[in-house]
Amino acid sequence: MLVPGFRAAAVEAAIKKPGRLDLALIVSEYPAAAAGVFTTNKVKAAPILLCQKRLRRGRAQAILVNSGNANACTGEAGLEAAVVTSRTISRLLGLSETLILPASTGVIGQPLPLDRMNSALPSLAAGLRPDGLPEVAQAIMTTDTFPKTSRVQAQINGSVVTIAGIAKGAGMIHPDMATMLVFLLTDAVVAPNTLKAALKQGLATSFNRITVDGDTSTNDCVLVLANGIAGHSPIEQLQSPGGEILSTSLQTVMADLAAQVVRDGEGAAHVFKVIIEGAASAADAVKGARTVALSPLVKTAVAGNDANWGRIMAALGRAGIRLNPDRVDVFFGPHQVVRQGVATDAANEQAAHRLMADGSFDLRIHLNLGAYTDYYLTCDLTADYVHINADYRS
């Protein structure tokens, strides 16, 4: 997980409880082009507000992140805590305070334990090393069961460029945005506005096409830093050969991380893609896929390996899309269980049941009304999801 020009580290600060890494730092050797996208939830955590302010110039050099405490709904004290911790890091590393981006994840409504964090910051800064990124991926986990990392390399304008990313997320996952922290790093030479455009383009086909439970949070952010170490001619436009390669590579990393988030959905036993085909409009394709992917009845049926297509039809019927029930076809993988709005035969449902028992599959729904297609990647809803969230604060 090496990215030229970046160092990282993680330490234990006992932010929620002792015994795990929970405070982490990523630092670029030089000030980097930077961009971010953030939760659309009207309740935004202190680090989100500070990040949005600091990213207006399109430059950053470090990301300081903690898990175990969201620093959300903590008032002016929470904003001051985010400022104080980043100020301490700026002093320890000799960086401009305004180039440090704070991020937090964890329990909402509790003050940050500044004493424990400040005590841990010197060792965090001293521990920075080029191969420290996997430890950061571990430190940002909350209900995650595994750290999420991805890395690709590409040739851009004659130079080998690295794009890597880490993510956390397992519950409260839904577009615009989910309970995710995603940090993307590259040594590409790219203008901040172009980097932001590439980030938003990749978002549409990755983190904005997944859902676990339909909830969004107060702390969600995707940050990208490009430090320019690769030294190639600058990418000024996304619609250029170098811009297209960067955008594609960034999207590959983002899509990989997004799929890992769904695979780690709280209590999930199945991952499945809901694909709407033949919709009358692009908006109908998205809405149809999102409604089916979010349906608790569909998700619980999948948890039981039950190809209960009636729940799919009911979800489509309330999706607010153009629909003729007598034209709908439904497939679990290659097995067609509905043709023109009615059941095919029991053998197809039994085949679908066996397919679902393997864990991952495509649920393909053809509306037969037009030429538009879209999808959502989602997971089932099991009793373990309830247990995890019932015990989250304990």
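Ring pairs join Phe272, Phe332 and Phe361 into a cluster. Bear in mind throughout that this is a predicted model.

The structure has 2 aromatic pairs. In one of them, the ring centres of phenylalanine 272 and phenylalanine 361 lie 5.2 Å apart with the planes at 5 degrees, so this pair counts as stacked. How far apart in the chain are phenylalanine 272 and phenylalanine 361? They are 89 residues apart, with phenylalanine 272 in strand E9, residues 271–279, and phenylalanine 361 in strand E13, residues 360–366. Both phenylalanine 272 and phenylalanine 361 are buried.

Arginine 364 places its charged end over the ring of phenylalanine 331, 4.1 Å from the ring centre. Lysine 148 lies over the face of phenylalanine 146, and here the distance to the ring centre is 4.4 Å.

Now the cores. The largest nonpolar core has 36 residues, and those touching the most other members are Val182, Leu184, Leu199, Phe207, Ile210 and Val222. Several elements supply at least two residues each, among them strand E5 (148–156), strand E7 (181–186), helix H5 (192–204) and strand E14. Which element gives the largest share of this core? That is H6, with 8 residues; helix H6 covers residues 241–263. There is also a second, separate core of 33 residues, which includes Ala34, Val65, Ile140 and Ile166.

Next, helix H1, residues 46–54. Its buried residues include Ala46, Pro47, Ile48, Leu50, Cys51 and Arg54. The cover over the buried residues of H1 includes strands E2 (23–38), E3 (59–69), E4 (100–107) and E8 (221–226), together with helix H2 (75–93).

Cys51 brings me to the cysteines. How many disulfides does a search of the whole structure find? It finds 0. Cysteine 221 is in no disulfide, and its nearest cysteine sulfur, on cysteine 51, is 5.7 Å away. The cut-off for a disulfide is 2.5 Å between the sulfur atoms. Cysteine 221 has a relative accessible area of 1%, so it is buried. Cysteine 379 is buried too, at 0%.

Threonine 378 is in strand E14, residues 372–379. Is threonine 378 buried or exposed? Its relative accessibility is 0%, so threonine 378 counts as buried. Beyond its neighbours within four places in sequence, threonine 378 contacts Thr211, Val262, His270, Val271, Phe272, Val274, Ala293 and Lys299. Phe272, in that list, is the residue from the stacked pair. Valine 262 is 116 residues from threonine 378 along the chain, yet their C-alpha atoms are separated by 6.0 Å. On the polar side, the side chains of threonine 378 and lysine 299 make a contact of 3.0 Å. A polar atom of the threonine 378 side chain also lies 3.4 Å from the backbone oxygen of alanine 293.

The other one, threonine 162, lies in strand E6. With a relative accessible area of 1%, threonine 162 is buried. Which side chain makes a polar contact with that of threonine 162? Glutamine 153 does, at 3.0 Å. Leaving aside neighbours within four places, the contacts of threonine 162 include Leu2, Val3, Pro4, Arg151, Leu185 and Asp187.

That is all from me.

How values were computed
Residues numbered from 1 in each chain as written. Predicted model: local features only at pLDDT ≥ 70, side-chain atom pairs only at ≥ 80, totals over all residues. Heavy atoms only, no water. Phe/Tyr/Trp six-rings, centres within 6.5 Å; stacked < 30°, edge-to-face > 60°. Helix = DSSP H or I, 4+ residues; strand = E, 2+ residues; numbered from the N terminus. Buried < 20%, exposed > 50% of the residue type's maximum accessible area, 1.4 Å probe, protein only. Lys NZ or Arg CZ within 6 Å of the ring centre and 35° of its normal. Contact = heavy atoms within 4.5 Å. Polar contact = N/O pair within 3.5 Å; in protein donor to acceptor, adjacent residues only side chain to side chain. Core = buried A, V, L, I, M, F, W, Y, C linked by side-chain atoms within 4.5 Å.
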